[in-house]
Amino acid sequence: MNRPQNAPDARPFGKAPAVFGALCLAAGAAAFAFGLGGERPGRAWQALLVNFLLWSSIAQGGVLLAALACTVRARWAHPVSGLAQAFAGFFPLSLICFFLLALGGKSVFPWVGEDLHGKEAWLNLPFLLARDGLGFLVLYGIGAAFVLQDLRLRLSAGNRGGALRRWVAGGLPTSPEESERLRRRRRLFGGLYCAAYALVLSLVGFDLVMSLDPHWYSTLFGGYHFVKAFYLGLGGLIVLAALLRGRAGGEVPAACLHDLGKLFFAFCLLWADFFYVHLMVIWYGNIPEETYYVIRRTVTPPWNALAWAVFLAAFAVPFLVLINRRVKSMPRPMFALGVLVLAGLWLEHWLLVGPAFDPEAVELPLGALEGMVCAGFLGLMVLAVSGMLRSFPELLPGARPAEP
Amino acid sequence: MAAEPRVMGLFADDAKAARAIRELAEAGFTFRRAHGPIPSDRIREAAGGRGSPVGWFTLAGGIFGFAFGFALAIFTAAQWNLIVSGKPVIAIIPFFVVGFECTILFSVLGNVVGLLVCTRLPDFRGLETHDPRCSCDRFGVLASCPAGREGELLEFFRKKGAEVRVWP
Amino acid sequence: MSELSFARIDETVLGTLAPPRRGYWALVGALCLGVLLGAGCWAYQIAVGIGVGGQNIPVCWGTYLINFVFWVGIAHSGTLISAILHLLRAGWRNPIARAAETMTVFAVCCAGLFPFIHLGRVWQVYYMLPYPNQRQLWPNFLSPLMFDVIAISTYLTVSALFWYTGLLPDLAAVRDRAEGFRRKVFRVLSLGWSGAHDQWLHYSRGYLFFASLATPLVISVHSVVSWDFALGIVPGWHTTIFAPYFVAGAIHSGLAMVLTLMIPLRRIFRYEAIITVEVLENVAKTMILTGLLVGLAYGTEYFIAWYSHNPVEWESFRWRAVGEYAYGLYFMVVCNVLLPLLFLVRSVRRSLAWLFGLSLVVNFGMWWERFVIIVGGVAHDFAPHAWGLYAPTVVEYGIMAGSFCLFFLLFVLFCKHLPSVSMTEMKETVAHGR
């Protein structure tokens, strides 16, 4: 039975996250609405798509760390496992956004109404929404179940808190056998989440990113998407962990932050490797059907500038900085690096998605609208994560960790 | 050639060995070396462990290897200025593979050189004061003392629970 | 593992180096015969010509390439276990790390033979080396085959050095308890290692760098090997997924070979207290992951083949499922993806018979995967009038058998002359209670 001896401060930041999140969300929603009403509503929809993909990936990748650590019994990750699970708060918001995207029609799915010479069997709106919607439901459902088992192992009995907390607290274990059963279920859902993650994110990569250019294909695209999502999740987790430094009950031990930094470095390399693998095979084969996609994004202006920015922000700078041993356990540089990587990969999403919508673009479609919609999603994420941490302060590193 | 007698105290526990190392100086003896079958953080700290410079050799090797790999590929391509398979003569994307592999290769060679230089291996003279039990299950602390104080040093080790061995 | 003491570890492991019984020499003899058979077949090929093999137009790459990829694949798991799991601080890898790393070195040696064998005119292999010569010829580093030369040589060098460095403290332990001639040999081999605190300081640091540098090699070397195929435009070969797909498959087959080697080793050398069933169980669990990854790759390839609406691509995959080599596809899917799922059942992954049996099944399946990819790709590519089939010849079978015998011979020789379990790492496990 779990009884945290030093229940951490339930609000490490007080009201600030809620206010900040609400403001950002309001700005983003307003920008989106203005964009829809403006002369190019397509841009608003594309901003929604890009940010939906990015922020959902951060949440999915973040929860993956907790699920993976549970499945392989990685003890080093215990302090941050709770923080990683806090990202599950974004899951319902992600699902709502996905169904919102459906309203975008051709602005989100350029192939709507096109003659795809047979591919319509796969690329048609009802089927895509059904399969991807089902995929997200399954993934988020399993993720929620995983987090639920873990929360029930962390919480102690008590009646405080909102409706969600009371519901979770309704199923607390009352005997060692029940605890053991919860642990087994947690491991089961953790493993299932990992499997569902690979499948669903591969599908999402193919359906929501690759299919934007319906005539181009790459077998590794799904894998690339889920590796990128884990890289993003680790970045988000590092930013969160760094923000909590110095807060009572929220501090992640330096050794754990160091290990997280090493894993971050490893996935920086792996993401770059998957990018390079694409580049190498397509460049070498030199088949026009394949190369136009890469050429448009890496050689032709204005996208080539974006490609270099992505390379520097998401690979070159993190690689050179993270080689140093000491920097990985220092919260401030890691915060900056995490933000840089998230920004770089935001640009990378634009690099993949942008040319599909507007191949003839003369200048990059990145302006105030895109920035504000991104801020809106940042607000959503802040609200989701801070909400989770407020309802369940046992997720914070300072609480006694759940038994392995 | 040390005229001072050397005594080794063999401990079953690295914590006791580390304590002995720390107290040797106070007792007026000179700590020489500590041997053990596994690396021990406690002994390393007690013996005044600094960082190891092996990494610099590795880094140097890596930087050299990176340059060498690209140089090799670019040089060999430039000797024959022929377009093959429609690819540029000097192409960074495939040459990166050569550069990467050479980086790893020379980093490892640098690592080996660094290891040999820092550990001063092969070092057969160090085996003169080596007790075989140190590669099995004992942590040996080798100390020397001024001539005549051998008995005290032996007593020092025995009081700490060690077996002793003397090299005159 | 709590009943293990340092002395008991030494006793168990060093005891395996005692003079062997007759059965051992019989095994060595049989394996030597196998190696000689393979060498004889190779000599015959050198004398008569590469045409004695079954490869021809259109299938120009046959068992020599299949075995090359097979052995490199097996090597990667050893590095995963000894390097990557060391970085991840997975203590369960300690009992099997030494044997796994040894498996890597010998597998790379076997793999490295096959490019020579496939050359036919082996005496011209020096053409591939970059050195100034009076013909002013240089190799073209644009070619993936040249990437292979660099990558495989690097992998062999790095693995051998990593292996030897790891052996160093154990060689000293053998020296200290050996007598006579053996003592002299191990005295030289152990380079005068005395386990001094300053030696350990540098050693630990250097070992960490070795592990960190060997890790990207696991990904890059098999990616380079996969690019021998993926950089060409052959349908079924030219696909971006090959690099990670090959790496996952390599680790899958290598883990299976680890089980194949460890289970008899454990029994014969009475390592039950050291290589516990939990260790083997963890290998099996990792195989569930790699098997699923490989399955995801199979499924993705088929999906994209359809999605692409590229008639050549689709025909290649359609034929793979119903054509002359369809049985290869079913071997590969059943043996690599479906049967390893049995490891999800706890009793299966703790049963030595099941572990051993499934490890053989996976290796069989992984060999067929390479067959399906390599032979299946070129046998049925763009132009229907150029389609053709391939069957290995007796010479190729002989060489293949020789390579297997060589691998096991080297491993069997290693087991009796060098410590097959890392005493140092086992002692560290015991000391830190991991």
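User: In this predicted model, which side chains of chain C and chain A meet in a salt bridge?
Analyst: The count between chain C and chain A is 1 salt bridge. A salt bridge requires a side-chain nitrogen of Lys or Arg within 4 Å of a carboxyl oxygen of Asp or Glu. The N to O distance here is 2.6 Å, and the side chains that meet are those of C:R89 and A:D259.

User: Which element gives the most residues to the side of chain C that touches chain A?
Analyst: Polar contacts between chain C and chain A, with both residues at pLDDT 80 or more, number 10 residue pairs. On the chain C side, the elements that give two or more residues are α5 (144-177), α7 (197-230), α8 (242-268) and α9 (277-307). The most comes from one of these, with 8 residues: α9(C).

User: How many residues of the side of chain C that touches chain A are nonpolar?
Analyst: Chain C brings 29 residues to the contact, and chain A brings 39. The chain C side includes 8 polar and 5 charged residues, and its nonpolar residues number 16.

User: What area do chain C and chain A bury between them?
Analyst: The size of an interface is often given as the accessible area lost when the parts come together. For chain C and chain A, 70% of the buried area is on carbon and sulfur atoms. The area that the two chains bury between them is about 2800 Å².

User: What area do chain B and chain C bury between them?
Analyst: Here 58 residues of chain B are in contact with 57 residues of chain C. Carbon and sulfur atoms carry 72% of the buried area. Between them, chain B and chain C bury about 4800 Å².

User: Which residues of chain B lose the most area to chain C?
Analyst: The interface of chain B and chain C buries about 4800 Å². Together, the residues in question account for 12% of what the chain B side buries, and they are B:I38, B:P39 and B:E101.

User: Which side chains of chain C and chain B meet in a salt bridge?
Analyst: Across the interface of chain B and chain C, the rule finds 1 salt bridge. The N to O distance is 3.2 Å, and the side chains are those of C:D198 and B:R33.

User: Which element gives the most residues to the side of chain B that touches chain C?
Analyst: Chain B and chain C have 15 residue pairs in polar contact, both residues being at pLDDT 80 or more. Elements of chain B that give two or more residues to this side are β2 (30-35), α2 (41-46), α3 (54-79) and α4 (92-119). With 18 residues, the one that gives the most is α4(B).

User: How far apart do the C-alpha centres of domain 1 and domain 2 of chain B lie?
Analyst: Chain B is divided into domain 1, made up of 6-50 + 128-167, and domain 2, which covers 54-118. The C-alpha centres of these domains of chain B are separated by 46 Å.

User: Is B:D14 buried or exposed?
Analyst: B:D14 has a place in helix α1 (residues 14-26) of chain B. Its relative accessible area is 15%. Because buried means under 20% relative accessible area, B:D14 is buried.

User: Which side chain makes a polar contact with the side chain of B:D14 at 2.8 Å?
Analyst: Leaving out residues up to four places away in sequence, B:D14 touches B:S40, B:R42, B:I43 and B:F139. The side chain of B:D14 makes a polar contact with that of B:S40 at 2.6 Å. The polar contact at 2.8 Å is with the side chain of B:R42.

Notes. Residues numbered from 1 in each chain as written. Chains lettered and ligands numbered in written order. Heavy atoms only, no water. Contact = heavy atoms within 4.5 Å. Buried area = accessible area lost by both parts, 1.4 Å probe. Polar contact = N/O pair within 3.5 Å; in protein donor to acceptor, adjacent residues only side chain to side chain. Helix = DSSP H or I, 4+ residues; strand = E, 2+ residues; numbered from the N terminus. Nonpolar A, V, L, I, M, F, W, Y, C, P; charged D, E, K, R; others polar. Domains from an automatic or database assignment. Buried < 20%, exposed > 50% of the residue type's maximum accessible area, 1.4 Å probe, protein only.
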